[in-house]
Amino acid sequence: MPANSTDPGQLAVDNVRTLAPYVPGKPIEELERELGITDIIKLASNENPFGPSPLAIAAMQRALAETWLYPDGSGHHLKRKLAAKLGVDAGQITLGNGSNDALVLLAEAFLRPGLEAVYSQYAFAVYPIAIQATGATGVMVPALSSDSPMPLGHDLAAMARAINERTRVVFIANPNNPTGTWVDAAQLEAFIAALPRHVVVALDEAYFEYTGGLPLQNGIEWLERFPNLVVFRTFSKAYGLAGVRVGYAVSHPAVADMLNRVRQAFNVSTVGLAGAAAALEDLQHVAAAVGVAVAERMRVSAALERSGTRVIPSAGNFLLLHAGANARERFEQLLRKGIIVRPVANYQLPEYLRVTLGTVEQNDRFLRAWL
Ligand SMILES: Cc1ncc(COP(=O)(O)O)c(C=O)c1O
């Protein structure tokens with residue numbers, strides 16, 4: 001800090017001072033205040049418009065009466081249920097305050113200054129933040145070009161070339177946010193199989209449930225073969241529980257042991273634990289929401305493409321559109337019509353907008369406003 005500076009923020013460590021903060025989607029209330037309009041729809045944060053199962057809501061309501069107690073720090077009940085569903089041991093699961101928290105735990109446990117972590121250009125913004133906060137060096141690998149068969153997607157061959165003896169973690173988002181792109185299962189398998197043993201693979205499957213018929217691998221099936229693989233999943237998307245923050249990592253038990261060492265003892269709330277456990281009892285609710293998203297992904301992409309808007313292929317509950325040089329204006333036009341989508345200029349994609357798939361009615365409203 002310069003001797004005469006009065007800004008106490010300057011006392012923070014260099015790697016934190018130079019961090020670009022995460023930019024969240026615009027909340028509905030903020031737009032209501034700004035424009036004085038109601039009937040706003042938010043298609044900006046890849047939330048599930050159908051919300052959580054009624055079973056989860058009832059369980060969370062019951063859990064409210066217990067919130068004077070600390071939560072079960074081991075998340076025993078939820079982990080047991082997840083383990084049974086996923087076909088793993090409970091000792092392989094690390095619960096997080098959202099999968100974001102679990103990703104940060106991985107960075108804290110496996111990175112330090114002098115080590116490197118590899119990720120793709122346009123990959124989920126939390127990776128570079130989590131890496132840089134540890135003082136490690138983030139190595140961003142250029143994405144596939146916009147005219148490749150998987151435009152803006154991860155270039156696994158280039159990512160493999162970026163790995164060296166200092167690399168400790170490689171992040172793969174499958175599918176990725178904000179692009180929606182995915183990596184081919186056979187290519188991913190070859191990539192992981194060829195990695196040196198000192199590299200941990202963080203395979204982020206936040207949108208796993210939305211795969212539909214697309215050829216994405218279930219990473220959990222590979223855990224026995226690849227002890228250096230860590231798979232991240234969440235209750236925020238298909239389970240409709242983004243607001244209570246529950247996600248998890250599934251890994252080799254020795255990796256889970258390390259993640260647990262840096263995890264805050266009570267990182268998942270009583271309400272979140274109860275809601276997530278109950279949500280697992282209502283997979284029909286999840287399947288119905290996913291069914292709409294997958295069908296709408298095809299319908300909305302086709303409508304956009306027909307009208308001349310280029311859409312990046314997506315395996316998630318959202319679409320990345322090429323809006324052109326006036327993307328910001330188009331974003332603001334939509335706002336004035338009460339539709340919040342997500343500009344992605346912070347991802348160095350200033351000509352694109354990301355639109356979360358809502359209900360059929362919401363998507364129609366977006367299409368009418370867009371076309
Ligand atoms: C690819 C990806 N990973 C992880 C997350 C984190 O989600 P959460 O912390 O709500 O589980 C998100 C959220 O948008 C995401 O898009």
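Two strands are said to pair if DSSP finds at least two bridges between them, and strands themselves are DSSP runs of E with at least two residues, numbered from the N terminus, just as helices are runs of H or I with at least four. The model on screen is predicted, so local features need pLDDT of at least 70 and side-chain atom pairs count only at pLDDT 80 or more, while totals for chains, interfaces and linings use all residues. Residues are numbered from 1 along each chain as its sequence is written, and side-chain values use heavy atoms, with hydrogens and water left out.

Begin by selecting serine 120, whose bridge partner in strand 4 is valine 141. Then widen the selection to strand 3 (residues 116-120), which runs parallel to strand 4 and is joined to it by 5 bridges.

Next, show the whole open sheet, where 7 strands follow the order 2-8-7-6-5-3-4 with mixed pairing. Strand 2 (93-96) and strand 4 (137-141) stand at the edges, and because each has a single partner strand, one side of each is left without a neighbour in the sheet.

Finally, move to valine 355 in strand 13 (residues 352-356). Is this residue buried or exposed? Valine 355 counts as buried because its relative accessibility is 6%, where buried means under 20% relative accessible area, exposed over 50% and partly exposed in between (1.4 Å probe, protein chains only).
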